[in-house]
Amino acid sequence: MEENILVLGDKDTGKTHFAVQLFGRLFKSPKASWKPKSTPENLEIFKAGFERLSKGLEIEHTPSAFHQDIAFCVVNGQGTEINFTYPDYAGEQLRNLVTERRLNDAWQQRVTQSTSWLLLIKINNIKEIEDIITRGMPEYGEISKIRAKENQDSFQIGDQAFYTELLQMLVRVKEASFLSPNYLPQLTIMLSCWDEYKAANPEMQEPDKALMQKLPMFHTFLHANWPNKNLTIIGLSSTGKKLDEKIPDEDYLDYGPEKFGYWVNENGLEDTDLTGIISLIHHG
Ligand SMILES: Nc1nc2c(ncn2[C@@H]2O[C@H](COP(=O)(O)OP(=O)(O)OP(=O)(O)O)[C@@H](O)[C@H]2O)c(=O)[nH]1
Ligand SMILES: [Mg+2]
């Protein structure tokens, strides 16, 4: 079985930390449900990342022009084998795709060859939409002040429009169609830095509800267009907590990075085996 994963994530959404923690689990965790069949050749693209985490430090931002794929093969307890191509790149490349509405040849090829899409959204950083219900009526004069400020700022596409537009663009490039939803790629939405979201919203457990609360229009777009069997919405905390750029985390030094991080399934249950996510990517 061949899977070519298109990892979709704006800058700072946790793509690199997830990749490093996922590979750490594959190679170091005896209890992982998926194991590597061999060591991928260019695993060294994550070498600096592994070193940073084992020192209890945050990994640096991926350089703007960087884009590399890792090809590897994993096997599970039932002997199912999957060949994966997994990329890492700087998130601003993805934002440029949407804002400039142009795809260069390399990206065009990546989209066409992909079999499964993995979209990371840093859920706690999404600003909630303010409306008359959440905010109440503004004071007299308040609206004109907000409008004046908006006119000064350069135009920035909102999060809901960005994610909806991104998926619509990619569907078109892949020559798939919402009119034949069964041919849409498997889509896994990972709400990243879930630990931060959970701290801010202790009552919220199910990732789908969190997405509905933060990005209601995008949530409706997804459920209206993607068949349920091809869509999974989960929470992800790759590192379990925020690491610092300079001050090493004591727990990471004591126990190792592979003891931290978890994902949250559709029912809100946490699982520390990050390789379990591979089973979601591969279904469909
Ligand atoms: N709290 C918390 N912070 C995280 C987690 N994963 C990543 N972060 C933080 O999120 C920020 C971005 O993480 P990266 O993995 O560098 O994000 P990226 O998508 O690779 O970003 P670019 O390389 O700029 O495209 C960093 O400050 C990380 O420390 C997590 O599970 N929990
Ligand atoms: Mg990165």
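Predicted model: local features only at pLDDT ≥ 70, side-chain atom pairs only at ≥ 80, totals over all residues.
**Surroundings of Asn265**
- Asn265 sits in the loop that links strand 8 (262-264) to strand 9 (270-271).
- When neighbours within four places in sequence are set aside, the contacts of Asn265 are Ile234 and Asp271.
- Leu236 is 29 residues from Asn265 along the chain, and the C-alpha atoms of the two are 9.0 Å apart.

**Overall architecture**
- The protein chain contains 12 helices and 9 strands.
- Its radius of gyration is 20 Å, close to the 19 Å given by the globule rule for 284 residues, so the protein chain is as compact as a globular protein of that length.
- The C-alpha trace extends over about 65 × 50 × 40 Å along its principal axes.
- Among contacts in the protein chain with a separation of 6 or more, 78% join residues 24 or more positions apart.

**Burial and the nonpolar core**
- Of the 284 residues in the protein chain, 35% are buried.
- The largest nonpolar core comprises 56 residues, and the members that touch the most others are Leu118, Leu119, Ile189, Met190 and Leu191.
- Beyond its neighbours within four places in sequence, Ile189 is in contact with Leu119, Ile121, Leu211 and Ile233.

Methods. Residues numbered from 1 in each chain as written. Chains lettered and ligands numbered in written order. Core = buried A, V, L, I, M, F, W, Y, C linked by C-beta atoms within 7 Å. Buried ≥ 20, exposed ≤ 12 C-beta atoms within 10 Å, placed from the backbone. Contact = placed C-beta atoms within 7 Å. Helix = DSSP H or I, 4+ residues; strand = E, 2+ residues; numbered from the N terminus. Rg over C-alpha atoms; globule rule 2.2 N^0.38 Å.
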